[in-house]
Amino acid sequence: MKHRFIIPALLLVFIWGILSSLAGNPDAIIQKHIEAHGGQARWDAIRSISMKGKFSTFSVRNDFETIISKDGGFYHRFFIGHQEVFEGDDGKLAWTIDPWQGFTFPRRINAAEKNAFDQKAVLASPFFDYKAKGHRVEYVGEDNLDGVDLYVLRLVRSNGLQEHWYLDQETYLA
């Protein structure tokens, strides 16, 4: 009779051990996140991504084009309403042409815009090679949103800016 309870109890302890090994361990969570994106090796083989499609703003549907390179460069062409906007960054010099804001000519972006451009230039996830980029990740805890259990991580970028990321505990995707 005692043996009937030992196996389920051991199984429960084993499962609890696996789950608790992820809790509080951002590197284990990030590893699962990277695997959910296809794995580090596959992303290491990619040099750039090009996307084209349709995008709606202010009830106007227009084309968009995005090119992101592994070295942090990117190019975006999209519309805000009927105004065509261009953004570019080679990793050193970033610029925009944004008639929506009154700039019908190329202009260099300011520091606040550069932070946004750096986020747009991420190939897949900021967690790929985050230590090499000078970023830090901290485990904040767990949350539940609309019935979805989430891990909460704080990403501190090399420039000091912080973001909170909510990763699904089942898929490890944001």
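Modeller: Strand S8, residues 148–156, pairs with S9 in the antiparallel sense. Seven bridges join S8 and S9. Keep in mind that this is a predicted model.

Colleague: Which residue in S9 stands opposite Leu150?

Modeller: Asp168.

Colleague: And in what order do the strands of that open sheet come?

Modeller: S7-S8-S9, three strands with antiparallel pairing.

Colleague: Which strands stand at the edges?

Modeller: S7 (136–145) and S9. Each has a single partner strand, so one side of each is left without a neighbour in the sheet.

Colleague: What does the twist average from one strand to the next?

Modeller: 25°.

Colleague: Where is Phe58 placed?

Modeller: In the loop between strand S1 (48–57) and strand S2 (60–69).

Colleague: Is Phe58 buried or exposed?

Modeller: Exposed, because its relative accessible area is 58% and the cut-off is over 50%.

Colleague: What about Tyr172, what is its phi?

Modeller: Near 65°, again a positive value in a residue other than glycine. Tyr172 sits in the segment after strand S9 (162–168).

Colleague: Buried or exposed, that Tyr172?

Modeller: Buried. Tyr172 has a relative accessible area of 10%, and buried means under 20%.

Conventions:
Residues numbered from 1 in each chain as written. Predicted model: local features only at pLDDT ≥ 70, side-chain atom pairs only at ≥ 80, totals over all residues. Heavy atoms only, no water. Helix = DSSP H or I, 4+ residues; strand = E, 2+ residues; numbered from the N terminus. Buried < 20%, exposed > 50% of the residue type's maximum accessible area, 1.4 Å probe, protein only. Pairing = 2+ DSSP bridges. Axes fitted to C-alpha atoms, helices over the stretch in contact; angles between N-to-C directions.
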